[in-house]
Amino acid sequence: MLNQYNEEELDDVVDLKSGVVGRLMRALKPYWPQMLLAIIGIASVSYMDAYYTVLNKRIIDEGIVARNLPVMIGLFRNYAVVVLAQTVGFFLMIFIIGRLGEQLRYDFRKKLFHHLQNLSLSYFSKTPLGWIMSRVTSDTEKMADLLTWGVLDTVWAVTNISFAVFFMLQLNAALAVIVIISLPVMIFVSFKFRVKIYHHYRQSRKANSKMTASLNENITGVRIVKALRREAKNLDDFKVLSTNMYQESYRAVLLSAIYLPTIQTISAISLVLILWRGGLQVAGGAITIGVLQAFISYIMMILWPIQDLARVYAEMQNAIASSERVFSLLDMQPEIRNRENLLPVDSLAGDVEFEDVSFHYEDDEPVIKNLSFHIPQGQTVALVGTTGGGKTTIVNLLCRFYEPSSGVIRIAGHDYTQYPLEDIQSRIGVVLQVPHLFSGSIRDNLRYGRLDASDEEIEQAAKLAGAHDFITSFEKAYDQDVGEGGNQLSVGQKQLVSIARALLAEPDIFVMDEATSSVDTLTEALIQKGMHQLMSGRTSFIIAHRLSTIKSADLIMVIEDGQIIEKGNHKSLMRNKGHYYNLYTKQFRHDLETKYDLFADQEPDASAA
Amino acid sequence: MSKQKEPYIPLDMPRVLGSKNKLLSLWHLMRGYHFHYLVSTVFLALAAFARTGMYVFLGTFIDRMMNEGLMGPELTLSALTFGSLIALQALSSFMSSWMANFTAENSTRRLRDYLFDHIQRLSYSYHSESKTGDLLERATSDVDTLRRFFAEQAIGVGRIVMIFIISFIAIARINLRLALFSIIIIPIVLAISIVFFKRLSKAYEAYQEQGAVLTTDLQENLSGVRVVKAFARQDYEIEKFDKENAEKFRLGRKFNWMHALFWPLSDIICSAQTIGSNFYAATMVINGVMTLGDFISFHGLLGWLIWPIRNLGRLIIDTSRALVSFGRISVVLQAPEEDMTAATYQPEGAIKGQICFDQVSFAYEKDYLVLDDVSFACEAGQVVALLGSTGSGKTSLVNLLPRFYDVTSGQILLDGVNLNEYSREFLRSQIGIVEQEPFLFSCSIRDNITYGVHREVSQEEIEEAAREAAIHEVILGFKNGYDTLVGERGVTLSGGQKQRLAIARTLLINPRILILDDSTSSVDMETEVQIRAALDSLMNNRTTFIIAHRIQSIMNADLILVFDKGKIVQMGEHEVLLNQDGIYKDIYDIQARIDSALQEEIDRVESI
């Protein structure tokens, strides 16, 4: 299953009948005037390219050989006009098609991003982030390139060859036949070469990424490498990778080095024939020097469109494979969607009820088994139990990130699938264990809770959450940048910000996954205070690790193996001397040991150097 | 190229780094391939000659045909000569390109290998001060920039210059005035091209940077998908992304605009020259100053004189980039490697493990002592527990033993001999380290266990070690057993499991001295007991330094060192320290207080 997401193993074999090409072409539909203009432009440019040779021929024959200065001046004037016209065409063509390329990239990215926002959480939990990123960043580039420069280069190459052949036939059919016969040979050889070169080039890219990964690992793990004296062995291992990279890369460049000379040599054969046959005819007076010169020019020039054609051909397959992956992403339907006949809601204040809820991911073992409970409005529930027991899944179900595989979840009296998804999610406030902040200022991050909140309201929320003091201790206070993913803030600070953010949203239900990592005592107290602000008057679900949280909860549910194994308040559960008792005493010990900083050493202090 | 021996001649790094001129350094990087590169240059010249010769020959061919008329065998011979010149040109181009690429690929492969080894042999402190991404960038993309320099730019500049000179000479032989007239625009085109490519590379960088912004934005959005959904902020996110996306669109258009301007503009200038020169030449033919054949030669040569200049700007800009890349690489290369083998004392066989710290001080930076006048001694096989808060110097102390760092003042004696007299290589072979959460490599579990065991190990031996480290059952639980891959492509192990793998590995290595971080992060009781047993068997008969996290390991230690701000504040056995006022007694008391607090708590619940 992992392999399908492995960038290195991605397949380039495409079924052209799958309609992917047609679908790709449809992306051009809104831009058909530009595309048409560009194609007409490139065809004219390509016509003029071929026409120069005809002009040159006439300059030689009618001007120079005939020693006719006025005619020659006229021809040169024509030449200049054609150059000007072609330059204008050339400019327009680069301008239009380059711009269109950027436009398409923009469109594809926008469309993908938009689509991604609607996909369900389940999609993201089973698809590696890197895979999705590659679709949006690199595949869209390849698609746009194929649709713009790919199409244009093809049109240019085909028309250029055709016009050249057309003029050659007009100039001298017998000589033209020699060229026409050599053309397929050159095209065939070119295609073969290009495909091979591209293959090795891609292989070398793969080898390169393996090599980089190995280097990366060796730098990250350098402490172990040194301690275990693995340097020599690691270098040997690396050499295997670098040799592989060398071989693939070398093959690619060697083939490239052979390629052009090879088709030049093939063209040399037709040149020899032309010179020989043409020479005879010139001597016999059948053709002029100008015609001979024109043929020589054509043969030399025709190599360029052939090369371009072969290059586009080699890269096309990969670009189409990219499109196929992008389309497969676009075709992905969100698993959780709004039902019909929705009940609009202003508030989710009310009881929360799970009735016989079971849940499993795809066809796996059930993670939640026949879970039933009823929480009256305003109560606080603490979920405790070992990791992997199903606590997170329960809150994910409650937030409707997932929906039950069977059973019903009721909020305020109705099956929650009757509500609009957006309403549920915006009425439930969530604080995650590892709070996620977005890069930008603290203010931006707080405002995420309610987009139309005023600066006063933001500060108010921060004060309530106990975040105001540390925020104002920053140089720029609320405008302080939090860094990528909020990395400039400590875990505790991030948590305070995310609590304030949730407060600002004024949710009806509050869900929190308490952090396991220890924060300093002061911050911890602030977090507790902030949580109480959020919990008051709201139905709250806390995945609890802090004893104070657990003890003050109205209801404690011990979750193991997807089921509730114990339920009650602190006192009753303690008296039971069951699972809860064990968990509690262990946690108690741990907390106090941490509190007194007994053996505090969370990280090796060498890195502090 | 046999597989047994090194596929290349080693680099002469002192010469590379010792050269004053960067281009000279790059030349030394090609050591062993200088001949190939020269051959490449010779063929480059040959190709240019052949190409020029082709046009000159075409001219004489036409003149002869016009004047005396070529017939029969002479014509055939001429046609064949012409074809041979093209073939020679093609062959020479191939040879030149082949040799240049051969040099480039081989030189850079050697440089990559060298850098890999160099980086892993850089000192510990170098690594703690540098960023992985930055080192990686220098060892990969900067090296690739050099590869392109060897293969494309150096040769490309040579090619263009050579073609220009030879074509110019050939034209000058036909008519000097015509030749001079034909290069009027060259300085203009060259100047425009340099300015353009310089600006283009800036615009391209901006475009790429915006691409990175967009990628970051996307990544944040995807990794924060739960937050986005929790606040139902999809529209807001779309708007935000669109802003950056539109900015990239704008930069792309700007970039495109520059292309759309440069190429046609340079086209016009070059075409003007072409038309002018051709017209000039054509009138000369009409006036009888030049022959028709000369005109046709000239016509062909002119293209090679003018058009390639447009690309010269790009090559020059790229060359300056290659020099920057080399500068970045040479900074890494200049950093000194750790000397692994230098030793003035080499014991016979293994060490015993008696250790003495004699007034040891250590500082990472000047004036800030991390260890301050530390003195203590322990016998072979004893257990030394290190206690103290974060930053008190415990880890720094154990880092001195394998000579990851050397003492700033004082001395450490191992079996009575100064530690600095042993080679690092030897010391590290005698010391085993089990970290709190060891770094594992993305290879199989088996390879991770045998990582750094410098001998052949049988499967039985591996399994025995794994059993002793209480990890065997866990491993068998994986689908592929010992062949299961660790990391992104395989299983993710918990901190405790990683630690037990490291214990198994250390058992196989069988070192005389052990450095141990004895924390057991959240594992259940049963596993904790197993790990405890595994650690005990590991410590058996080895001098052990424990960075202590639990009271058990302290109570049984032969020597307890209590650290505060780099100094030993208390030292002795458990019983002794317990009877002193100080940190140790405080800690112990707290432990006792926790027990009674817990009991109180339980009693309170019971009583209500």
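In chain B, strand E3 (residues 383-387) and strand E9 (residues 559-564) run parallel and are joined by four bridges; strands here are DSSP runs of type E with at least two residues, helices are runs of type H or I with at least four, and both are numbered from the N terminus. Two strands are said to pair if DSSP finds at least two bridges between them. Within this pairing, B:Leu387 has B:Val562 of E9(B) as its bridge partner. On E9(B) there is also an antiparallel pairing, with five bridges to strand E10 (residues 567-572) of chain B. Here B:Lys567 of E10(B) is the residue opposite B:Asp564. The hairpin of E9(B) and E10(B) has two residues between the strands, and B:Lys565 takes a positive phi near 50 degrees there. Strands of a sheet pair through backbone hydrogen bonds, in either the parallel or the antiparallel sense.

The model is predicted: local features need pLDDT of at least 70 and side-chain atom pairs count only at pLDDT 80 or more, while totals for chains, interfaces and linings use all residues. Residues are numbered from 1 along each chain as its sequence is written, and chains are lettered from A and ligands numbered from 1 in the order in which they are written.

Chain A contains an open sheet of six strands with mixed pairing, in the order E6-E7-E8-E3-E9-E10. Strand E6 (428-431) and strand E10 (563-568) of chain A each have a single partner strand, so one side of each edge strand is left without a neighbour in the sheet. On average, neighbouring strands of the sheet are turned by 20 degrees against each other, direction ignored; axes are lines fitted to C-alpha atoms, for helices over the stretch in contact, and angles run from 0 to 180 degrees between N-to-C directions. Strand E9 (residues 555-560) of chain A pairs with E10(A) in the antiparallel sense over five bridges, and A:Ile559 has A:Ile564 of E10(A) as its bridge partner. Helix H11 (residues 391-398) of chain A packs on the sheet, and its direction makes about 150 degrees with that of E8(A). Helix H16 (residues 491-504) of chain A also packs on the sheet, touching E6 and E7 of chain A; contact requires that the C-beta atoms of two residues, placed from the backbone, lie within 7 Å.

Attention now turns to helix H9 (residues 289-301) of chain A. Its 13 residues reach 18 Å from first C-alpha to last, close to the 18 Å expected at 1.5 Å a residue, where the expected span is 1.5 Å times one less than the number of residues. Eleven of the 13 residues of H9(A) are buried, so the helix is largely enclosed by the rest of the structure. A residue is buried if 20 or more other C-beta atoms lie within 10 Å of its own, exposed if 12 or fewer, and partly exposed in between, with C-beta atoms placed from the backbone. The cover over the buried residues of H9(A) includes helix H8 (231-284) of chain A and helix H11 (292-306) of chain B.

Between the two chains, 117 residues of chain A are in contact with 117 residues of chain B. On the chain A side, H8(A) gives the most, with 26 residues.

A:Gln86 lies in helix H3 (residues 69-118) of chain A. This residue counts as buried because A:Gln86 has 24 C-beta neighbours inside 10 Å. Not counting residues up to four places away in sequence, A:Gln86 touches A:Val45 and A:Met48.
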